[in-house]
Amino acid sequence: MKVPNHIAIILDGNGRWAKAKGMPRALGHKQGSKNVEDMCEIMDDIGVKYFTVYAFSTENWNRPDKEVTGIMSLLRNYLKTGIKRANKNNMRIRILGDISRLDEDLQESIVETEKATAANTGLQFQMALNYGSRDEIRRAVTKIAEKVEAGDLKATDITEDTISASLDTAGIPDPDLLIRTSGEQRLSNYLLWQCAYTEFYFTDKHWPDFNKEELLKAIDSYNNRDRRYGKVTEE
């Protein structure tokens, strides 16, 4: 089995999972958070090098205040033990997205976590928080425009590499496989630039029920595809 170098997942269905079981949505998010931790270990065990999850989008602020507060509480709990757990497993943690809208204590914890795990060489784990791909591209364009205005870059010298290096994912290879759980079949403003040549896999499983068996199904599907990147291969 050829294991993808980089797998990205849209974590969908926590609330629906909880509703189906007659539980509050908050418990669905809690179970989903636990599954992220479990999946990090699974990804590392099978040889995935980069694992990126869509945890909270720029649009998720429109959810009920109680639900947003609950998700932020789960994030706080994760970050409290994240450094110790990551260093024990030689895992590097990076946050994608504009963290400036998060509470100050969360911003401080994120900076501390990224700094404390930066030298780890095992699984490279990225969590997208207050993330939207269009916003990411907008921020990247702003950075590039500022360099042009300052005279540090010529407009005619801007390349695809220039743009990639200005994104939140700078230095991270593009995903080989993107998985979305819970039956939806759209990108929802996630890694639009990075997924130009990514293979997609959609499953009806809600995220809390997505396990190693389901992951291996997705990887098997990935392995059965002919990835030609626009090139014609001889029969």
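Visitor: How many disulfides does a search of the whole structure find?
Guide: Keep in mind that this is a predicted model. A disulfide needs two cysteine sulfur atoms within 2.5 Å. Cysteine 40 has its nearest cysteine sulfur 18 Å away, in cysteine 195, so it is in no disulfide. Searching the whole structure gives a count of 0.

Visitor: Is cysteine 195 buried or exposed?
Guide: Buried means under 20% relative accessible area. Cysteine 195 has 5% relative accessibility, so it counts as buried.

Visitor: How many aromatic pairs turn up, and what is the geometry of tyrosine 54 with tyrosine 131?
Guide: The whole structure has 7 aromatic pairs. For tyrosine 54 and tyrosine 131, the centres are 5.8 Å apart and the planes make 85°. Planes over 60 degrees apart count as edge-to-face, so this pair is edge-to-face.

Visitor: Which parts of the chain does the pair of tyrosine 131 and tyrosine 190 tie together?
Guide: Their ring centres are 6.1 Å apart with the planes at 85°, so this pair is edge-to-face. The two residues are 59 apart in sequence. The parts tied together are strand S4, with tyrosine 131, and the loop between S5 and S6, with tyrosine 190.

Visitor: Which tyrosines form one aromatic cluster?
Guide: Tyrosine 131 pairs with tyrosine 54, and also with tyrosine 190. The one cluster is Tyr54, Tyr131 and Tyr190.

Visitor: What stands opposite isoleucine 179 in S6?
Guide: Strand S5 (residues 177-180) pairs with S6 in the parallel sense over 4 bridges. On S6, the covered face has Glu199 and Tyr201. Opposite isoleucine 179 stands tyrosine 201.

Note on methods:
Residues are numbered from 1 along each chain as its sequence is written. This is a predicted model: local features need pLDDT of at least 70, side-chain atom pairs count only at pLDDT 80 or more; totals for chains, interfaces and linings use all residues. Side-chain values use heavy atoms; hydrogens and water are left out. Buried means under 20% relative accessible area, exposed over 50%, partly exposed in between (1.4 Å probe, protein chains only). Two strands pair if DSSP finds at least two bridges between them. Rings of Phe, Tyr and Trp (its six-membered ring) pair if their centres lie within 6.5 Å; planes under 30 degrees apart count as stacked, over 60 as edge-to-face and the rest as tilted.
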